[in-house]
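Have a look at the ligand site and one of the strands as you read.

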Amino acid sequence: MSDYTRTLLPVRWPDDAPKASYDVVIIGGGGHGLSTAYHLATRHGITNVAVLEADYIASGNTGRNTTIIRANYGLPEAIRFYQHSLELYQGLEAETGADILHQTKGIVWLAHTEMAMRTERARCAMNQASGAQTFMRTPAELKELVPQLDLTGGGRYPVLGGSHHVEGATARHDRVAWAYASGASQRGVDLFQHTTVTGLRRDGARVVGVETTQGPIAAGVVLSAVGGRVSQVAAMAGVRLPVRTHPLHAFVTNDYAPGFDIILASTELACYVSQTDRGQMLIGAEFDAQPSYSRQSSYSALRSYSYKITRLLPFLRDMRILRTWAGICDISADFSPIMGATGVDGFLITTGWGTWGFKAIPAGGEALAELIATGRPPDLIAPFALDRFRRDHVLADVASAGTR
Ligand SMILES: Cc1cc2nc3c(=O)[nH]c(=O)nc-3n(C[C@H](O)[C@H](O)[C@H](O)COP(=O)(O)OP(=O)(O)OC[C@H]3O[C@@H](n4cnc5c(N)ncnc54)[C@H](O)[C@@H]3O)c2cc1C
């Protein structure tokens, strides 16, 4: 259980505008940019680094997500990567000294059809073979885990069984970002909020810096970690990515009696629910089918999410929706992340985090930092390189995205 009395460590803000030059410039002060900066400083002693954030720290998807951490993916490469990240999360409070409200709760993925049962059985086998703890549960076992669950699914979505990923967890999203921001800045990394990158500086084919609203900055390496804005930033380097941007919504209800201690999801219905530390029920579902950069909440999303989730948990019908919001998600063509080289010297990306990248923040940043420090992608992320699309080695894993 988290110690609520521990506070976040302070951030060291630079007194002046950005320097004329840094070894590394990271575009985007979300979880992935900050985690990379933190790991550059702590693992490799590289601190001549600037993180440039257009708005405020964690104002993008990192501060908007539903905070689920899990490793129950469908491909060995993905399971290994996310399991490592899940384990880094388990140690993050001890490592940073910041309270991120991490709680291991377990996550259940329900199956309503024989096809989904087969998928979940295959997931359990693949997870166990690749290091993640996921087990099939019968309807009776599920009812014991989630007493509020209607096993008839409102007479429409009967629960035939489900997989139980016992190490599934949640952590407070903005605290994760600020933990990394604090740790990086205390070691000398410069963080700048309200500083937008408006262009990339080139020397021939190589990217050698950025243009910003605070003037030009030279850089040995530029990393784009801009969430749903990646198509625009990559275009500045002439890179076209297999990524589309779609809005994803979430909402919270008023407080429910504490004790809904598990994360419940149905991937067939593409909806999920957990209880926050404050007691609110936090509900998410599928992303908008129409690509868009809008973060406007929509009534149709609320209606569709509410319909599905109340079939599974009828008590939610008596709750009120308190607040709703949306983020814009960088969905890759194969529903797996893209990390590393872009084909343009000096310009790296971490993207394709879509609706599933919060859980990846520790391992993604650690791996990107190693790539920047050594020039070689660590084995853990090598399969996620952009050139997999050219080589026809895609990592198609839509069934593990949790939303679609
Ligand atoms: C509603 C919702 C629920 C989600 N639920 C989950 C979940 O339960 N579990 C999970 O694992 N994932 C979840 N996700 C996905 C997860 O939030 C993201 O994949 C993750 O936060 C991506 O982090 P990031 O650092 O790459 O991007 P972001 O957090 O979006 O950060 C990118 C930053 O770049 C900045 N930026 C953009 N352009 C520029 C520029 N030109 N110059 C400077 N800065 C710029 C932005 O302002 C932003 O702050 C969810 C997402 C949403 C929207």
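1. The side chain of Asn 65 places an N or O atom 3.2 Å from an oxygen atom of the ligand, a polar contact (a pair of N or O atoms within 3.5 Å). Thr 66 has a polar side-chain atom 2.8 Å from a ligand oxygen, and for Glu 53 the separation is 2.6 Å. The protein buries 95% of the 1000 Å² that the ligand exposes when taken alone (Shrake-Rupley areas, 1.4 Å probe).

2. A word on the basis: this is a predicted model, with pLDDT of at least 70 required for local features and 80 or more for side-chain atom pairs, while totals for chains, interfaces and linings use all residues. Numbering starts from 1 along each chain as its sequence is written, and side-chain values use heavy atoms, leaving out hydrogens and water.

3. Around the ligand there are 37 residues (a heavy atom within 4 Å). They divide into 14 nonpolar, 19 polar and four charged (charged being Asp, Glu, Lys and Arg; Gly counts as polar). S13 gives the largest share, three residues (strands are DSSP E runs of at least two residues, numbered from the N terminus).

4. Why is strand S19 largely enclosed by the rest of the structure? Five of its five residues, 347-351, are buried, so the rest of the structure largely encloses S19 (buried: under 20% relative accessible area, 1.4 Å probe, protein chains only).

5. S19 runs parallel to S12, with three bridges, and antiparallel to S18, with four (pairing needs at least two DSSP bridges). Ser 224 stands opposite Ile 349, and Ala 341 opposite Leu 348.

Key. Polar contact = N/O pair within 3.5 Å; in protein donor to acceptor, adjacent residues only side chain to side chain. Buried < 20%, exposed > 50% of the residue type's maximum accessible area, 1.4 Å probe, protein only.
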